[in-house]
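This briefing goes through the fold, the core and a few individual residues of the structure shown below. The overall description is kept apart from the residue-level notes, so that each topic can be read separately.

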Amino acid sequence: MKIIHYLKVAKHFNIFTHEFWLALCHDLVEDGYVGKWICKYWHSLNCITRVNTETYKEYIYRLSYDKTAKNVKLADLEENMKRCNTSLIKRYEKAYKTLTQ
């Protein structure tokens, strides 16, 4: 099921861009499919991977400084808002607004 989400986020980008490949991999570390070690070799993946000790607000702030991570997170938020009907929608909307200002 997660692979569908990765593909939906990736479809926002051209296949020949860094954003496309980051979108395909954006949750792999958080979901436990790939070890954290890979983040030291891919800066944008490190930026888009949330650290356990940071708040969601801190996470959004940190990733906002990497253009590729920011673009992929915006696509991720768009996809999340399409399928979300819970209290998380407000969190996603706030993060989206923060990243687009």
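**Briefing on the predicted model**

I3 lies in helix 1, and the model in which this residue is placed is a predicted one. With a relative accessible area of 51%, I3 counts as exposed, because the cut-off for that class is over 50%. Seen as a whole, the protein has 6 helices and 0 strands, which gives the pattern α-α-α-α-α-α when it is read along the sequence.

**Overall dimensions and surface**

- The radius of gyration of the protein is 13 Å, close to the 13 Å that the globule rule gives for 101 residues, and therefore the protein is as compact as a globular protein of that length.
- Along the principal axes, the C-alpha trace of the protein spans about 35 × 30 × 25 Å.
- The accessible surface of the protein amounts to about 6,500 Å², and carbon and sulfur atoms hold 58% of that area.
- Among the 101 residues of the protein, 41% count as buried.
- Taking the contacts in the protein that have a separation of 6 or more, 40% of them are made by residues 24 or more positions apart.

**The largest nonpolar core**

- The largest nonpolar core holds 28 residues, and the members that touch the most other members are I48, Y56, I60 and V72.
- At least two residues of this core come from each of helix 1 (2-10), helix 2 (18-25), helix 3 (43-48), helix 4 (56-63), helix 5 (67-83) and helix 6 (88-100).
- I60, which is one of the core members named above, is in contact with K73, A95, T98 and L99 when its neighbours within four places in sequence are left aside.

**Residues in helices**

- N71 belongs to helix 5, where its relative accessibility of 24% makes it partly exposed.
- Not counting residues up to four places away in sequence, N71 touches F13 and E19.
- N71 and T100 are 29 residues apart in sequence, while their C-alpha atoms are 9.6 Å apart in space.

**Residues in loops**

- H12 sits in the loop between helix 1 and helix 2, and with a relative accessible area of 30% H12 is partly exposed.
- The residues that H12 touches, apart from those up to four places away in sequence, are A75, E78 and E79.
- Between H12 and C47, which are 35 residues apart along the chain, the C-alpha atoms are separated by 19 Å.
- E30 is placed in the loop between helix 2 and helix 3, and at 40% relative accessibility E30 also counts as partly exposed.
- Leaving aside neighbours within four places in sequence, E30 is in contact with I48, T49, R50 and Y59, and I48 is among the core residues that touch the most other members.
- E30 and A10 are 20 residues apart in sequence, with a C-alpha to C-alpha separation of 17 Å in space.

Key:
Residues are numbered from 1 along each chain as its sequence is written. This is a predicted model: local features need pLDDT of at least 70, side-chain atom pairs count only at pLDDT 80 or more; totals for chains, interfaces and linings use all residues. Side-chain values use heavy atoms; hydrogens and water are left out. Helices (H or I, at least four residues) and strands (E, at least two) are DSSP runs, numbered from the N terminus. The radius of gyration is taken over C-alpha atoms; the globule rule is 2.2 Å times the number of residues to the power 0.38. Buried means under 20% relative accessible area, exposed over 50%, partly exposed in between (1.4 Å probe, protein chains only). Contact means heavy atoms within 4.5 Å. Accessible areas come from the Shrake-Rupley method with a 1.4 Å probe; for residues, only the protein chains shown count as cover. A nonpolar core is a set of buried Ala, Val, Leu, Ile, Met, Phe, Trp, Tyr and Cys residues joined through side-chain atoms within 4.5 Å.
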